[in-house]
There are 2 protein chains.
Amino acid sequence: MGLSKTEEFTKTQNELAALAKALGHPARIAIVQYLIKTRVCVCGDIVDELPLSQSTVSQHLKELKKVGLIKGNIEGPSVCYCIDEKVWNRAKKMIGELFEAYQTQNCC
Amino acid sequence: MGLSKTEEFTKTQNELAALAKALGHPARIAIVQYLIKTRVCVCGDIVDELPLSQSTVSQHLKELKKVGLIKGNIEGPSVCYCIDEKVWNRAKKMIGELFEAYQTQNCC
DNA sequence: CTACTATATCGTAAAATTACGATGAATGTT
DNA sequence: AACATTCATCGTAATTTTACGATATAGTAG
């Protein structure tokens, strides 16, 4: 079916999954790494940096914007993208908590 | 195409993306949360816990096993799943570093 | 050995993802 | 006004994902 039954899971589970999913592609990892590294963040620079076409990069940017991890401000003819601090920190906290929750347990 | 051009990205980018992708579904978040919470970890219990069919749960377990986040040990007729500490900690470190790398920057 | 239980795998269908070129919209330049 | 630049969106194709029922496999019990 290809459709996840999101209604059946908790809000937290869905939010965590959405954030992880947004980062679940090497191009999108590359984009956030690039945005973190460079202070400047014009869309065209990202396109130059990635081995993908302009339209594909635009699509990946849209995915990241959808979950709020990045935001874009129009600056004349171009668009300045950057990490959205609030959402980034929220994701950091949520994902961090998920990983912290695990304590070594000698299971099977 | 639906095929990511993994060859074009760094090993780290691909590994991070694969880990994030594995966690990019609410059912798989629910599975790891459940494995963390309960000391016991029989597959059937996970199926009972989730609003999905046995075969679908098995598929999700396979995805998590593929990236190594969990491992399954055969115990008689059933299978005991649990977090793989090594991979879990590696993922925690890698994802943690990605999030730590960002420092507040007054961009656009 | 037969029957039962637990899990994986197969087959399949619907939907989503990834990717690209082409087109469109908005802004800036000449 | 005409044109170039920047980016988003549309149309489209291949592939992957999600999901389920049915079937296969392996172990346990009787």
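Helices α1 (11-22) and α5 (85-101) of chain A, together with α1 (11-22) and α5 (85-101) of chain B, each supply at least two residues of the lining of the largest cavity in this predicted model. Helices (H or I, at least four residues) and strands (E, at least two) are DSSP runs, numbered from the N terminus. A cavity is a set of points, on a 1 Å grid over the protein atoms alone, where a 1.4 Å probe fits but cannot get out, and lining residues have an atom within 4 Å of a point. The search of the whole structure finds 1 cavity of 30 Å³ or more. The largest cavity holds about 110 Å³ of space, a volume being the space filled by probe spheres set on the points, with grid points joined across faces, edges and corners. Its lining comprises 14 residues, and Ala20(A), Ile95(A), Ala20(B), Leu23(B) and Ile95(B) lie nearest the centre. By class, this lining has 14 nonpolar, no polar and no charged residues; Ala, Val, Leu, Ile, Met, Phe, Trp, Tyr, Cys and Pro count as nonpolar, Asp, Glu, Lys and Arg as charged, and the others, Gly among them, as polar.

Residues are numbered from 1 along each chain as its sequence is written, and chains are lettered from A in the order in which they are written. Local features need pLDDT of at least 70, side-chain atom pairs count only at pLDDT 80 or more, and totals for chains, interfaces and linings use all residues, while side-chain values use heavy atoms, with hydrogens and water left out.

Leu98(A) is found in helix α5 of chain A and is buried, with a relative accessible area of 7%. Leaving aside neighbours within four places in sequence, Leu98(A) is in contact (heavy atoms within 4.5 Å) with Leu23(B), Ile29(B), Val32(B), Gln33(B), Ile36(B) and Trp88(B). Leu98(A) and Leu16(A), 82 residues apart in sequence, are 8.9 Å apart in space, C-alpha to C-alpha.

Definitions and conventions: 1 Å grid on protein atoms, 1.4 Å probe; cavity = no way out; pocket = protein on both sides within 12 Å on 5 of 7 lines; lining within 4 Å. Buried < 20%, exposed > 50% of the residue type's maximum accessible area, 1.4 Å probe, protein only.
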